[in-house]
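Open the structure in your viewer and show the side chains.

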Amino acid sequence: MTRDTAIFDIIRQERERQTRGIELIASENYVSDQVMEAMGSVLTNKYAEGYPGKRYYGGCEVVDESERLAQERLKQLYGAAWVNVQPHSGAQANMAVFMACLNAGDKFLGLNLSHGGHLSHGSPVNFSGIMFHALEYNVREEDGRVDYEQLEQVARAERPKLIIAGASAYSREWDYERIRRVADETGAIFMVDMAHPAGLIAAGLLKNPVRYAHIVTSTTHKTLRGPRGGVILMGEDFPNPWGKTTPKGEIKMMSQLLDSAVFPGTQGGPLEHVIAAKAVAFGEALQPEYIDYQKQVQKNAAAMAQALVDKGYKIISGGTDNHCMLVDLRTKFPDLTGKLAEKALVAADITSNKNMVPFDSRSAFQTSGLRFGTPAITTRGLKEDMMPWIVELIDKVLSDPENEQNILAVRKEVNAEMVKYPLYAW
């Protein structure tokens, strides 16, 4: 068969782009050789609708072992009683929870998207906002932290069936205990979407929501450093979907509802090659050196946030407890949009993403903010002493974002430095 030079040339170009640049998108990371090898394995050939031991196809004995291993490692990683490793993405994991726990039109409460929430937590253009009645809570304008008083007020007044904690652009630890108390008081199911800080949580550096929430969802490809995909977890304590607390023995009932919501409710055949890669990533996260990696992610984030503050940038909430930070550009550059800032940085081989900030004066297509994160550069081997250098380059670009010669000079400096941090040996 003739080699597809067109697509493999594109893949080569993307590898070169990733290798030569500084990756600061908070939701991105670089997988290990083992994870990539598993994703490119013959397991991609196997159709395996259903679950281990209960498949709709024959010949699943081997992939059953792989999926069971992924399940057991994930349980061990977070102390979960039950898990589902089949969701193709974090959004589909969230959809499965909605399908299992809510009826169309039911109320749920999540963090406002423009204040750092996620698309699947109630955006009007997402299934969550289209099929269900989305309520929202915000962060406080004065300090950029979650307004728990408002959350409690809305929950008591509206009695949502589901309360969601978790965000795509929030840099602080969550008060899971407080949200659980209000969920119990109002008869709501408490769900945590830990997609962003999942790796830090696995390393014991942030609170484990499995101990507080009824249901937890996550992606596997951000701080967790695995393949692109999603998971669902539960501890021992949860209410039933109709609002009243049930005994621990009823976990089987909820697990069956969630399993059915994943398959056949929202997905067909699982991606067994990706599930194998998830198992590899979970195994890596169980190793002692993984804790050192996540500690470095935190150190790098704290150092980057401080360097940005020292340069006059405003960090929403004043700093970071995790891997990411949200920058309000208006304090230093009132006329600079996130869209233009992102474009200029990408041209300099510094990748970040535009992001709305709380109480933004611009639209989601322009934005007044940028989101930065440190998982990928930490995987590359950069330490906290390099963060001021990165911020210096960011500031140089944003100070003159349409100066092509300036951008070219920054790009050359970036490329020369990143050669010292090889990505893959092959």
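What follows is a tour of aromatic pairs and of charges placed over rings.

This is a predicted model, in which local features need pLDDT of at least 70, side-chain atom pairs count only at pLDDT 80 or more, and totals for chains, interfaces and linings use all residues. Residues are numbered from 1 along each chain as its sequence is written, and side-chain values use heavy atoms, with hydrogens and water left out.

The structure holds nine aromatic pairs. Rings of Phe, Tyr and Trp (its six-membered ring) pair if their centres lie within 6.5 Å; planes under 30 degrees apart count as stacked, over 60 as edge-to-face and the rest as tilted.

Select F98 and F108. Their ring centres are 4.8 Å apart and their planes stand at 80°, so this pair is edge-to-face. F98 belongs to helix 4 (residues 90-101) and F108 to strand 5 (residues 107-111), so the pair ties together parts that are ten residues apart in sequence. Helices (H or I, at least four residues) and strands (E, at least two) are DSSP runs, numbered from the N terminus.

F98 is in helix 4 and F127 in helix 5 (residues 127-131), so the pair ties together parts that are 29 residues apart in sequence.

Last, select R3 and F8. R3 lies over the face of F8, at 4.0 Å from the ring centre. A charge sits over a ring if NZ of Lys or CZ of Arg is within 6 Å of the ring centre and within 35 degrees of the ring normal.
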